[in-house]
Amino acid sequence: MGVTDDFENASKALPGVAMKIRVETEKCCGHARCASVAPEVYILSDTGYLSTPEILVPDGLVIQARRGARACPERCIVIENETLGRVSGAAYSR
Ligand code: SF4
């Protein structure tokens, strides 16, 4: 089962999920830039790190999630997939 299959299954299980994000938690240095621009998506741990390895983003938070990913200087937030039709109308996988 590939990433696309996983995402499609997650989307069916959780209606309204529009994006799957993978966090390379071992690279997180605790800058908190992700949480400062997208506080509803990126919830930091008590020690100030993003320690959630996978985040399923609902439809209304996609733009915020992208901004947060771009804000990370360590590039540890990876957008894995979005709902079919949102990316040039085609499915893709990594
Ligand atoms: S901006 Fe990047 S390095 Fe900083 S807390 Fe968020 S995920 Fe971690």
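Reader: In what order do the elements of the protein run from the N terminus on?

Author: The protein contains three helices and three strands. Taken from the N terminus on, these elements run α-β-α-β-α-β.

Reader: Which element has the lowest mean pLDDT, and which the highest?

Author: The protein averages a pLDDT of 82, and 70% of the residues score at least 70. Over residues 84-94 the pLDDT is below 50, and this stretch has 10 contacts in the model beyond near neighbours in sequence. Where pLDDT is low, the predicted coordinates should not be read in detail. Among the elements, the lowest mean, 55, belongs to helix 1 (residues 3-13), and the highest, 97, to helix 2.

Reader: Which element gives the most residues to the largest nonpolar core?

Author: This core has 15 residues, of which Ile-21, Cys-34, Val-41, Val-57, Ala-65 and Ile-77 touch the most other members. The elements that give two or more residues to the core are strand 1, strand 2 (54-58) and helix 3. With three residues, the one that gives the most is strand 1.

Reader: Which residues does Val-57 touch, not counting those up to four places away in sequence?

Author: Val-57 is among the residues of the largest nonpolar core that touch the most other members. Leaving out residues up to four places away in sequence, Val-57 touches Val-17, Ala-18, Met-19, Ile-21, Val-41, Val-62 and Ala-65.

Reader: Is Ala-32, with its positive phi, buried, partly exposed or exposed?

Author: Most residues other than glycine have a negative phi. Ala-32, although not a glycine, has a positive phi of about 70°, and it lies in the loop between strand 1 (17-23) and helix 2 (33-37). Because 17 other C-beta atoms lie within 10 Å, Ala-32 counts as partly exposed.

Reader: And is Arg-75 buried or exposed?

Author: Arg-75 lies in the loop between helix 3 (62-71) and strand 3 (77-82), and its phi is near 55°, a positive value in a residue other than glycine. Since a residue with 12 or fewer other C-beta atoms within 10 Å counts as exposed, and Arg-75 has 10, Arg-75 is exposed.

Definitions and conventions. Residues are numbered from 1 along each chain as its sequence is written. This is a predicted model: local features need pLDDT of at least 70, side-chain atom pairs count only at pLDDT 80 or more; totals for chains, interfaces and linings use all residues. Helices (H or I, at least four residues) and strands (E, at least two) are DSSP runs, numbered from the N terminus. A residue is buried if 20 or more other C-beta atoms lie within 10 Å of its own, exposed if 12 or fewer, and partly exposed in between; C-beta atoms are placed from the backbone. pLDDT is the predictor's confidence in each residue, from 0 to 100. Two residues are in contact if their C-beta atoms, placed from the backbone, lie within 7 Å. A nonpolar core is a set of buried Ala, Val, Leu, Ile, Met, Phe, Trp, Tyr and Cys residues joined through C-beta atoms within 7 Å.
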